[in-house]
Amino acid sequence: MNDDVHLVEICNHGDARDAANAFETLYKRHKDFVIRVALRFVPDNDSALDVLQETFTYLLRKFPPIGPGLTLTASLTSLLYPVAKNSALTLRRKSDRFPHSDDVLPDDLPTATNDGASDIPVLLRGLPVERREVLVLRFIDDLSLQDIATALNIPLGTVKSRLHLALKTLRESPEAKKLLSP
Amino acid sequence: MTHNDDEFEELPEALVEALKSANEAVPLITARVDREVLKMAREQFAGRKPAWRRRPAWAAVAATVLITIFVVQLDQPMQQANLPMRAARPADISDVLTLARE
């Protein structure tokens, strides 16, 4: 995160070349995360790429001369997550290609290729959306609990509670037990 | 509901790996998006002056402050020397001796 803070500072105050280079580094560092988040909400690559572009356009506009500048108080991923998620959901609602849904996470999660993990998407689909989202952010995206709270704009205690319940379900599930058995 | 923070770190590695592989993003060709995003960034930042061109303004301000301080300090001894003569009282021997010392 500290390195991101430094790069953001260069984007805020650096000259043309340094700022562009710093932004490029931020983009290359976080674009996979944004694509991964986008693909949880939109079903095709083209839409995910649109989300990627919109998310980084949003970030870019935070910096002068268009924006007032950005001060990072949490990790950059916790800032990018809600932008990517909202962008994807907006795209999803606008497009006639996708069925409308109040569920914030699509049911068509990518299926795994190996046998051991093939039950996991089924297991995840069985979790309530809010718990699934926290679980995915914690163990797939490796966000800290505080960053998850920031990204979802919810109290830290709520994050812990949702994760606790998600883990409990996961540990007790037959799919997980099958996966963990020798 | 209270939770021990450690429990959030405890998930068997096999399960974490399975979760990750289940959510693995498929490889994407993003060259076009890469180009467009980075082009936008270059265009937005293009108007910014290089650091060396922004320095002279600060250097000029700093130089002006230093010169002002120097001039004021040069002027101070003369003012001190003139003080007795400008005082609203008749000159006396102490004023003469002060001037003589200067």
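Which helix of chain A does A:T150 lie in? In this predicted model, A:T150 belongs to helix α7, which covers residues 145–152 of chain A. A:T150 is buried: 21 other C-beta atoms sit within 10 Å, and a residue counts as buried once that number reaches 20 or more. Setting aside neighbours within four places in sequence, A:T150 makes contact with A:A74 and A:S78. A:T77 is 73 residues away from A:T150 along the chain, yet the C-alpha atoms of the two are separated by 9.8 Å.

Chain A splits into domain 1, residues 1–100, and domain 2, residues 109–182. Seven residues from domain 1 of chain A and six residues from domain 2 of chain A take part in the contact between them. On the domain 1 side, helix α4 (residues 76–94) of chain A gives the most, with four residues. Sorted by class, that side of domain 1 of chain A has four nonpolar and three polar residues, and no charged ones.

Quite a list of residues in α4(A) is buried, running from A:L76, A:T77, A:S78, A:L79, A:L80 and A:Y81 through A:A84, A:K85, A:S87 and A:A88 to A:R92. A:S78, one of these buried residues, is also one of the contacts of A:T150.

In helix α1 (residues 13–22) of chain B, the buried residues are B:L15, B:A18, B:L19 and B:A22. Looking down the axis of α1(B), these buried residues fall within an arc of 100°, so they line one face of the helix.

Chain B averages a pLDDT of 74, with 63% of the residues scoring at least 70. Within chain B, confidence is highest in helix α2 (residues 31–45), at a mean of 93, and lowest in helix α3 (residues 51–86), at 70.

Note on methods:
Residues numbered from 1 in each chain as written. Chains lettered and ligands numbered in written order. Predicted model: local features only at pLDDT ≥ 70, side-chain atom pairs only at ≥ 80, totals over all residues. Domains from an automatic or database assignment. Contact = placed C-beta atoms within 7 Å. Helix = DSSP H or I, 4+ residues; strand = E, 2+ residues; numbered from the N terminus. Nonpolar A, V, L, I, M, F, W, Y, C, P; charged D, E, K, R; others polar. pLDDT = per-residue confidence, 0-100. Buried ≥ 20, exposed ≤ 12 C-beta atoms within 10 Å, placed from the backbone. Arc of directions from axis to C-beta.
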